[in-house]
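Here is a short briefing on one protein model.

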Amino acid sequence: MILTTTFVCFCLASAFNYFRTRRQRLMIRTLKGPFTWPLMGAMHKLLLLSPKNFFKRNTEYLTKYGSLTRCWVFHRLFIPLADLELSRQLLESETHLETGYELMKDWLEGGVLMCQPDQWQKRHGLISGLFGNGNLEQLMELCRQQAEKLYQKLVDQADQKVFNIWELVAPNVLELMVRTTCGANPSEEYAKNLANLAELYRQRFLSLQSANRFNYWLSSPLMRRRQNRLIRRLNEVHQNLIARHQKQNKLKNGLVLVEDNLEPLPQKWHESLLDILLKSRDPELTAEEICGELNTCNYLGYLLCSSALCFALVTIARNPSVQQRCWEELRLAQNKDQGWDLEKLPYLKAVLQETLRLYPPQVIVGRQFKKDFPYTHSIVGDGELPFGSEIYINLYELQRNENRYSNANHFDPERFLGSSPELLSFSLGPRCCPARNFSFTILKTLLAPIISQFELLPYGDELRLDLRLILGSSNGFQLALRPRKFVYNT
């Protein structure tokens, strides 16, 4: 009796699911994809997927089904996409701007990554204002200070012994991001909470327990409680900073008495993102959304820049001719104050661009359709992708396409000198990264003293790529350092 009842319920649920998704199924009937079981869909594909085997299985999937496919999991329609022509149409669309990053909602809700499409342009403008001419030089000085801190930490590692450079780079970048966004040095507790929360989300990525919010709520109560506690602690710091800014502004205007026990804000010489958000005086921008914006920029800047810098260092170490040319360029671009003119480092920028092409820190760019998406394609023809689809654009595969990049899997910075190919690592269109140029400034500023003062040695194990929210290496970023014999002057 129990088996019969279970079977009948399964059949009814399967029928309901089929009719619920019938329109979507009709619209994508020409797309290839894995076998779909009743109700469960292609759940078996996700069960076999892990951070360590993602790239191997992804290659097998694309080889078998193509660059535009469909994959059902229960009622959800996933469309993995590794086709450049269609990806460009989607990313440049002005009407399909929902990112659909459900995993990050508890932490980043209200921020630029997850804000509503009608708010995106305004938020983009606010963040871009952080890098205006009046503030950029001060931010560059902040980067130079962090570069000096990182250099001093690396001096102790310059003994030709193998180490994981992520362990030194990531805390340095985290501090730089928080100083840029919040206008204050992060406390040890704040930095630890931010790093721990980012690591917790990395653990959740591609795990069955995080397939949806209900699964996570049901299967991981302790992790969920820890996650919420870390988010709450970070936002308490942000709320305190907001209150102190507001009190100080009232004090300047003579609206608050000195006896209000006002804590002075930390001295700084640059305008932070928090300053800009508060000065915007946008009545629609709530304190919760400001916290979401700070969380979003800290998360993206910390993880993505750390990943990019570590991949660049390891790649340079394993390409001696590239390292030598970078060193020579830095020698010629050095100023009398021992700094560098970043505009005179085209080869170093090309090295970074090639690193980001081969190792995009954000491998997947997501979109979620709120209405049908009509497209044209030179090979597969015209078509429509249905409302409700979840699109996952694979930048890793797109930027290793042999039809677009000659010798695509080979590290060749020369391809970005002169008429360089398109770099998709910062996305395209209206939701592209507003901090693209500043990201290159950070990376060049942090790299310059390292390459100029140390020889990067290709010691240690090769990278073992894995995908845990961002592109990383399961065995760390291993290399060794040796001090250069001469410090040059111009």
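A pocket here is an open set of grid points, on a 1 Å grid over the protein atoms alone, with protein on both sides within 12 Å along at least five of seven lines. The model is predicted. Its largest pocket has a volume of about 1400 Å³.

**Largest pocket**

- The lining of this pocket counts 49 residues, and L46, L49, F205, L206 and Y392 are the closest to its centre.
- Helices α3 (43-47), α4 (54-65), α11 (213-219) and α14 each supply at least two lining residues.
- Strands β1 (71-73), β2 (76-81), β4 (364-368) and β7 (390-394) also supply at least two each.
- The most comes from α4, with eight residues.

**Cavities**

- Across the whole structure, a search finds three cavities of 30 Å³ or more.
- The largest cavity has a volume of about 710 Å³.
- Its lining is made of 35 residues. Nearest its centre lie L300, L304, C433, P434 and A435.
- At least two lining residues come from each of α7, α9 (166-182), α14, β4 and α18 (436-453).
- Here α14 gives the most, with six residues.

**Helix α7**

- Helix α7 covers residues 117-129. Its 13 residues should span 18 Å at 1.5 Å a residue, and the end C-alpha atoms are 19 Å apart, which agrees.
- Which residues of α7 are buried? They are W120, R123, H124, L126 and I127.
- An α-helix has 3.6 residues a turn, so residues three or four places apart point the same way.
- D118 and Q121 are exposed, on the face of α7 turned away from its buried side.
- The buried residues of α7 pack against α13 (273-279) and α14 (287-317).

**Three-stranded sheet**

- Three strands form an open sheet in the order β3-β11-β8, with antiparallel pairing.
- β8 and β11 (residues 478-483) run antiparallel and are joined by four bridges.
- E455 has R482 as its bridge partner in β11.

Conventions. Residues numbered from 1 in each chain as written. Predicted model: local features only at pLDDT ≥ 70, side-chain atom pairs only at ≥ 80, totals over all residues. Heavy atoms only, no water. Pairing = 2+ DSSP bridges. Expected span 1.5 Å × (residues − 1). Buried < 20%, exposed > 50% of the residue type's maximum accessible area, 1.4 Å probe, protein only. Contact = heavy atoms within 4.5 Å. 1 Å grid on protein atoms, 1.4 Å probe; cavity = no way out; pocket = protein on both sides within 12 Å on 5 of 7 lines; lining within 4 Å. Points joined across faces, edges and corners; volume = space filled by probe spheres on them.
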